[in-house]
Amino acid sequence: MQATLPATETLFARAPVPLWVVDAGTGEVLDVNDAACRAFGYTRCQFLDLGPQEIGPLPPRNGHASARRLRRGDGSEIHVELAAERVEVEGRPAWLVSAHDVTTRVDAERERLQAERARFDALFRDAPAMVAATEGPDHVFTVANEPYQRLVGRSDLLGRPVREALPDLEGQGFFELLDRVYQTGEPFVATAVPIRMQPRPGVPVEERFVSFVYQPVRARGHVTGIFAHVVDVTDEVRVEAALRRSEARFERIASKVPGMVYQFALHPDGSTSWPYVSEGACSLCEVDRAYVEQNPSFMQELVLPEDRPALHAAIAASAATLQDFRWDGRIRTPSGDVRTVYATSRPERRPDGTVVWDGLMLDATDRVRAAEELRQSEERFRIAARATNDVVWDWNLVLGRVVWNEALETVLGHRKSSAQAPAEWWIQQLHPDDQERVVAGLYQVVDGNGSSWQDEYRIRRGDGGWATVLDRGYVLRDPDGAAVRMIGAMEDVTQRKQLEAQLVDAKRLESVGRLAGGVAHDFNNLLTAITGYTEMLLSDVEPGGEMHADLMEIRNAAARATGLTRQLLAFSRRQVLQPRVLNLNATIRDLERMFRRLLREDVRLQVELDPAAGQVRADPAQVEQVLLNLAVNARDAMPAGGTLRITTRAAVVGPADGLCAPPVNLKPGRYVVISASDTGEGIAPEVLPQIFEPFFTTKPAGLGTGLGLATVYGIIKQSGGTVWAESEPGRGATFHVYLPATDELPGAVAALPARTPAAGTGTVLLVDDDAAVRTFVRTVLTGAGYRVMDAADGAQALHVAAECGGALDLLLTDVVMPRMGGRDLADEVARRWPGLPTLFMSGYTDDALADHGVLDPTVMLLEKPFSREALLDHVREALTRGAVVSTG
């Protein structure tokens, strides 16, 4: 029903603000203007039909505005502020309602509140402390950040009552505290409270410590929830507990220490205090802790007047330099007893300038008495020290001074001014690599209960070099067991240690040589088969073809490998030598032209030969190999050119030969010495002991095998001599070769008569433990017309020979075999079947056929690896001569 308005109807209808009139009794809409219809999306008729349920209850009276959310005609919502004024329409009471659209303002406020909530949530989530909040009397979680969740080992807390979410807390008092805070509204603060929780499912419950605050949250004057702020203080609690235990342990230890453990402080204003003194103060100074706290200057009062200046000076010096404080003096106890005390401590400067000393004070009365007794023996000690060549020392452990005898200068070369020096001087002379070990071992004896000490170490000489000494000392103690003096003697063992090191090197090279000889022996067996089969194939292939070229490469490679094995055998002294009397001067002259071809144009050769050098008995080929290897080694040591000087001389080695560095293991007697000196780069001291080891080389990759000097070493040692080198970096190197001299004169070398090859007839018993060698030799001999019977070792060979009744023409056997070697086999065959010729073959000698590698003239040997022609030649010769045959 449409209502009729007073004269203001036009103003009402055209007003820009939404207006409508509501019956005060029924709530019926009596009239509405166009602005309201547009704002709410209704037609006039639709709006007039709206009831209170659509437009909501009337706003508060007396003109106050009320915010409402109303639904528009299209279903959307609009936020408005409504105001109502009392009016009369046709005598009926009514309300004039005005509406203001505040949707934009409400949306902005909502966004602001959401942003605030997001920031609030982020602060809670990222807070380093543990934060949680509950709501209601059941304490339902509304907030729990990640640190809090990690503490309780749960992540599903929100929306759950605390008793349900955290059952582990039952019986620990936390639930009761929450109830009390919620009921009383009083906050609760706790510090370092233990809490037992399971950090995560499947692991044991652990105890931690937390400090927390339960703060009640109020709304409209009533408690609606609780805010919890929790800090995990487990580490702090445990550290404090450990500190208390440490302090208690320190107190127990300090109470057991003889004397007084103390802490003394000197403050910037000059005042002093004793922050700590142990119970030892009672027995040492006859005062208790309470007296010390009340009288900070108690120690100065106890010290005798004549000893106080030294005490004050020691304190001042230590405070200024922060060096260790040491002082000994006399005190008078309250009972009148005079005692000698010794104090030592280490200072530390605090940030406020206070210097604090932590130290120990001991009763030195008995020690001083003992020192006096020791003083009486000092003169006797000095006299005894002069009667020995050892460096004798006397260490006063109380004063830290060491007295040395005259041998400090005569043996080690230190001046007499060092003869009375503190112990630190001796420590400074120790080799850096030995210092820590020697000092630790010495103090272990001194500070323990030991009475004697011994160690071997390196000490600096007066000229800067190092001497190796064997030092022994004896500790003297006072009646209480404290070490007060140590007396000892130092023996120079430098030369002995050098000789021991040379002997160790020689034994090590001997071990490596045995290994190299064994490898070469096995490799020679392989090379015998490789070389032999290659030559057999070459005889069946036309020269010039691809196959012929490939076979030649194989043969050449085998030849190079043969050279390497000969070098290994030379180093290992397992090669067979055929010595004869040589004039080394003539040998060097014959090689001089070859030397000049080996050396570059920028290397000058000087040869200085002593006509009286004499003769030696040696293998000519091996001596030439030694000389050539030394020449090549010198050439490579002078990349920028220089001079190679080769000299000879006679020498007599004996107990008084005068050599500055006599060779090791060289028998006394006459020797011919060959010296090869270069002006090259020299050899580093750390490298010099290794230069004769096989495969050791300082040359770049591909420029050396590392066998040159090893070969020299093996040949010379096998010939009864020795070789050694002296060198300094940048000053070249000199190699000295010593060979035993002989009074025999060189003889002429007889020419071998020409031999006409004989037809291959006869039966040969072939014995070798290597199957490949047996197969090759059997193939060659069978092809040449011989009948061959073979065996793998000496025992099997005897069985084969017995089966054929000894009907054999030649025994062809390897020397080194398992079970029974070749020499034993030959002896047994000669005993059973006299007159049967024997031909030995081997890759190296094990002294079965040779005396230290020098071949017995009555025995001849086919040396592995050998060719097909060499094999046939030696077999024919053995059969022809009907005797033992050998070629070197």
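Leaving aside its neighbours within four places in sequence, Asn629 is in contact (heavy atoms within 4.5 Å) with Gly708, Thr711 and Val712. Asn629 sits in helix α22; helices here are DSSP runs of H or I with at least four residues, strands are runs of E with at least two, and both are numbered from the N terminus. Asn629 is buried, at a relative accessible area of 12%, where buried means under 20%, exposed over 50% and partly exposed in between, with a 1.4 Å probe and protein chains only.

A word on the ground rules. This is a predicted model, in which local features need pLDDT of at least 70 and side-chain atom pairs count only at pLDDT 80 or more, while totals for chains, interfaces and linings use all residues. Residues are numbered from 1 along each chain as its sequence is written, and side-chain values use heavy atoms, with hydrogens and water left out.

Back to the helices. α22 (residues 620–636) packs against α23 (residues 708–718) at about 145°, with the axes 9 Å apart. Axes are lines fitted to C-alpha atoms, for helices over the stretch in contact, and angles run from 0 to 180 degrees between N-to-C directions. On the α22 side the contact includes Gln622, Val626 and Leu630, and on the α23 side Leu709, Ile715 and Ile716 are among the residues involved. The contact splits into 6 nonpolar, 6 polar and no charged residues.

Now for a sheet. What is the order of the strands in the open sheet of 5 strands? It goes β7-β6-β10-β9-β8, with antiparallel pairing; two strands pair if DSSP finds at least two bridges between them. The edge strands, β7 and β8, each pair on one side only. Neighbouring strands of this sheet are turned by 30° against each other on average, direction ignored.

Here are some of the pieces:

| Element | Residues |
|---|---|
| Strand β7 | 140–144 |
| Strand β8 | 188–197 |
| Strand β9 | 206–219 |
| Strand β10 | 222–232 |
| Helix α8 | 174–184 |

β9 and β10 pair in the antiparallel sense over 10 bridges, and Ser211 stands opposite Val231 in β10. Helix α8 lies across β8, β9 and β10, running at about 15° to β9.

Zooming out, the chain holds 27 helices and 35 strands. Of its 888 residues, 44% count as buried. Among contacts between residues at least 6 apart in sequence, 57% join residues at least 24 apart.

Methods. Nonpolar A, V, L, I, M, F, W, Y, C, P; charged D, E, K, R; others polar.
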